[in-house]
Structure formats: C-alpha cells, structure tokens
Amino acid sequence: MKNLFFSLFMSGALLIGTTAWGAQLTLQECLERAREHNPSLKTAAWDHRIAYEDVRQASAANYPRIDAQAGYTLQQAAQGAKIDGISAKTQQADYASAGLSATYTIFDFGRRNARQQMTRAIADSTVESFEARRTDVSLQVVEAYFSILETGKLITAAADEVAQVEEHRRVAQALFEEGVVTRNDVLQADVRLSAAKQNLLTMKNRLENDWLQLNYLTGDQPAFRAELDGGATLSGDREARLNENDAVSQRHDILALRRGVEASDMEVRESKAAFYPELYSQATLGYVQNDTALEQTIMAAFIGIRVNLFDGFASTATTEKAVRNRSRNQDALHQAESQVRLEIDTSKNDVKVAGERINVAETAIRQSEENLRINKERYQERVGTATEVLDAQTLVTQARTDYYNALYDYQVSTARLKRALGEL
C-alpha cells in the first residue's frame with residue numbers, strides 16, 4: 001500500500017513537471033512577465049516614487065512653518081534693574097519658557113515656484129527614464145527569446161551533422177574493411193565526428209545560458225523551461241511607421257532628457273532669485289515664567305524683509321553651476337537625438353540586409369544539400385574522396401546555420417527598429 005501511494009505521488013509530481021515544461025510560452029507573455037517581475041525594473045521603480053516625495057517636500061514651502069519650543073532655565077542669580085537708585089528684580093532665578101511660532105514666505109521673486117517646478121520636472125524625468133529602462137528590458141527579452149529559438153534550430157542542424165558524419169564513417173569503415181579505401185578515410189571521419197559533437201555540445205551549452213538569461217529577465221526560477229512559440233514574429237507594416245522626427249519625440253529616453261533640461265532651467269531661475277530679497281511674516285506666542293512681570297504670555301506678529309548681502313560668492317558659484325549644468329543637459333539631449341536618428345538608420349539597414357540574407361541562405365541550403373548528395377554517391381561509387389564528402393556535410397551545416405542566423409537576426413533587427421522608433 002505504501003508503495004502504491006508513493007507511486008501515485010511520484011506520478012502526480014512528474015505530471016505536474018511535464019505540464020510546466022510542456023506549456024507554450026509566447027513572446028508577449030515573456031514581455032509581460034518582465035514588466036512585472038524583472039529585478040532591475042523593480043529597483044528602478046523606486047526612483048520616481050522617491051522623486052515624487054521631493055515634489056511633496058518642495059511643495060511644503062506653500063504652507064507656513066510652525067515651530068514649538070519649551071525649556072527650563074537655571075541661573076546663578078535672578079536678573080534685576082536699578083532705577084533711580086532703587087534695585088528691583090526683573091526676572092526669577094529659575095524659570096520655565098515655551099513658545100509657538102509660524103513663519104511664512106510671502107514673496108521671494110519666484111524662488112519657491114522655480115524649486116517646485118524643478119522637482120516636478122525631475123519627477124517626470126524619472127518616470128520617462130523608467131519607461132526607457134522598461135523598453136531596454138523588453139529588447140533584451142526579445143533577443144533572449146529569439147536566441148533560444150535560433151539555438152534550438154542550430155542544435156538540430158548540429159545533431160544532423162553528427163548523424164551524417166556517423167553515417168559516412170560507417171560507410172568508410174565498410175569500404176576500408178573491403179580494402180577499397182585506406183584507413184585515412186576512417187580517421188578523417190573520426191576527427192570530423194569529434195568536431196561535430198563538440199559543436200553540438202557548444203550549442204547545447206549556449207541554449208542553457210540563453211534560458212538562464214531569459215529567466216533572469218522575466219523573474220522566473222533558473223530551472224524553469226517551457227516550449228517557446230516558434231512562429232513568434234515582430235515584423236510589421238513598414239509604411240505605417242512614424243516619421244523620424246515623430247519617433248525621436250516620443251522616445252522615453254529623449255523625453256527624460258527634455259524633462260531634465262526643463263529642470264535645469266528651473267534650477268537656474270531658483271539660483272538667480274537668491275540675489276533678490278525675501279518678504280516673510282511671522283506670528284509668535286511666547287510664555288516666560290516671571291512673577292515680577294505684568295505679562296508672562298506675549299503674542300506678536302511680524303512682517304519683515306531679508307536679503308543676503310555677502311556669502312563668500314556662494315550664490316554666484318551656485319548660479320554658474322546651474323547654468324553649466326543646463327548647458328551640459330542640453331548637449332546631452334542633442335547628442336541623444338543624433339544617436340536615435342543613427343540607431344533608426346542602422347536598424348533599417350539591418351532589417352533590410354537580414355531579409356536579403358534569408359533569401360540567399362534558402363538557396364544555399366538547397367545547393368549544399370544537392371552537393372552533399374552528389375559527393376556521397378561519388379564516394380560510394382569510389383570516384384570521389386572522403387574529404388569531399390566531409391566538406392560537403394560541413395557546407396550543409398554552415399548553410400543551415402547561416403539561414404537560421406539570418407532568420408532570427410531579422411526578428412531581432414525588427415525589434416531594435418521598433419525600439420529605435422519608440423514602438424517596443
């Protein structure tokens with residue numbers, strides 16, 4: 001009975017494992033998993049949350065600042081005064097005190113408003129930077145997804161080569177035993193078989209590494225495996241795409257840099273406002289324990305103006321720093337826009353060339369297979385050499401490899417073009 005329960009348990013576990021491995025995983029599902037579970041995106045998501053707290057902190061200047069204080073003073077002797085030769089105490093030796101004050105900036109020549117706009121622009125920049133980071137992760141997912149599909153095809157091609165070389169070795173061994181060919185033909189087949197097996201092992205290792213990369217990007221466990229959709233594609237209508245200027249304007253990384261330039265403008269405005277006076281008001285409520293005073297609780301209101309006359313040129317340095325930071329951000333924006341246009345142009349070329357490579361590789365596969373058939377027949381009829389057969393088998397594998405490289409390079413190049421156009 002125990003063995004029966006154990007067998008049922010293991011069967012269920014294997015069934016669950018088979019289901020997990022056999023489930024098809026589409027490209028769109030991988031992209032959605034990455035958006036929700038990618039480790040780097042989870043970390044980057046904190047940036048704009050922190051930035052919005054900076055906005056709240058800057059907005060606090062719209063409200064009065066309220067402070068409360070309390071204390072107890074111990075003195076060696078009570079303070080007093082002498083009036084017309086008469087001495088009188090004006091204060092207790094020891095006394096308690098408390099106070100409540102509210103201070104509010106009435107006008108500061110736009111310094112407060114500039115600071116608030118700067119923090120909002122920075123917060124918007126972090127949001128756009130996060131979206132740009134999400135786009136980069138999506139591209140990495142696409143590359144890893146198609147790399148797995150490509151490597152799977154290359155493994156099939158490598159396995160076919162191993163089978164072909166093994167078959168050729170069998171024929172060479174048979175002909176050698178008949179005394180028709182020399183042992184050199186068998187040795188050549190052994191060496192080529194070893195190389196084919198090593199290539200197969202390399203492809204299998206690459207496949208495992210590709211899966212590890214995809215699982216990391218999507219937040220899955222390293223051991224997770226699934227059947228990918230071999231028909232996944234990113235090709236679309238080229239005519240419906242945005243023009244270059246619209247593509248540049250909607251890129252999240254470009255929008256982030258533009259928000260950064262806006263923040264720099266506000267930083268310059270804030271720094272320049274430091275040279276102007278500030279009008280402020282203050283209301284206080286104070287209590288000082290003093291039995292000799294007629295009034296121990298005092299309420300007061302105050303309106304004042306203050307201006308910094310000299311701070312060791314710190315304000316001047318702050319303004320110069322803000323101006324140069326703005327210039328740097330403007331140059332970075334112009335450089336990024338140029339890079340985006342370059343990325344669009346190169347991606348278009350890559351897509352075009354990859355499509356042409358597919359057509360060329362398809363023809364090469366047919367030609368290499370026919371070449372292999374002819375050389376195998378010539379060898380079996382003892383009018384060809386073993387080297388010609390092995391070279392023909394290598395050409396078949398190379399032609400198939402070139403085809404699969406071109407096929408998936410086309411998909412990855414299309415993804416890069418989508419990213420360059422801000423559509424990924």
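## Crossing of helix 2 and helix 5

In this predicted model, the axes of helix 2 (residues 27-37) and helix 5 (residues 183-218) come within 7 Å and cross at roughly 55°, which makes helix 2 oblique to helix 5. Two packed helices are described by the angle between their axes and the distance between the axes.

On the side of helix 2, the contact is formed by Cys30, Arg33, Ala34 and His37, which meet Leu214, Leu217 and Thr218 of helix 5.

## Positive phi at two phenylalanines

Most residues other than glycine have a negative phi. Phe109, however, has a positive phi near 60°, and its place is in the loop between strand 5 (94-107) and helix 4 (111-177). With a relative accessible area of 40%, Phe109 is partly exposed, because that value falls between the cut-offs of 20% and 50%.

A positive phi, near 65°, is also found at Phe313, a residue of the loop between strand 8 (297-306) and helix 8 (314-380). Phe313 has a relative accessible area of 58% and is therefore exposed, the cut-off for that class being over 50%.

## Thr414 within helix 9

Thr414 belongs to helix 9 (residues 386-420) and, with a relative accessible area of 0%, is buried. Its side chain reaches the backbone oxygen of Tyr410 at 2.7 Å, a distance that lies within the 3.5 Å limit for a polar contact.

How values were computed. Residues are numbered from 1 along each chain as its sequence is written. This is a predicted model: local features need pLDDT of at least 70, side-chain atom pairs count only at pLDDT 80 or more; totals for chains, interfaces and linings use all residues. Side-chain values use heavy atoms; hydrogens and water are left out. Helices (H or I, at least four residues) and strands (E, at least two) are DSSP runs, numbered from the N terminus. Buried means under 20% relative accessible area, exposed over 50%, partly exposed in between (1.4 Å probe, protein chains only). A polar contact is a pair of N or O atoms within 3.5 Å; within protein, one must be able to donate a hydrogen and the other to accept it, and residues adjacent in sequence count only if both atoms are side-chain atoms. Axes are lines fitted to C-alpha atoms, for helices over the stretch in contact, and angles run from 0 to 180 degrees between N-to-C directions. Angles under 35 degrees count as roughly parallel, over 145 as roughly antiparallel, 65 to 115 as roughly perpendicular and the rest as oblique. Contact means heavy atoms within 4.5 Å.
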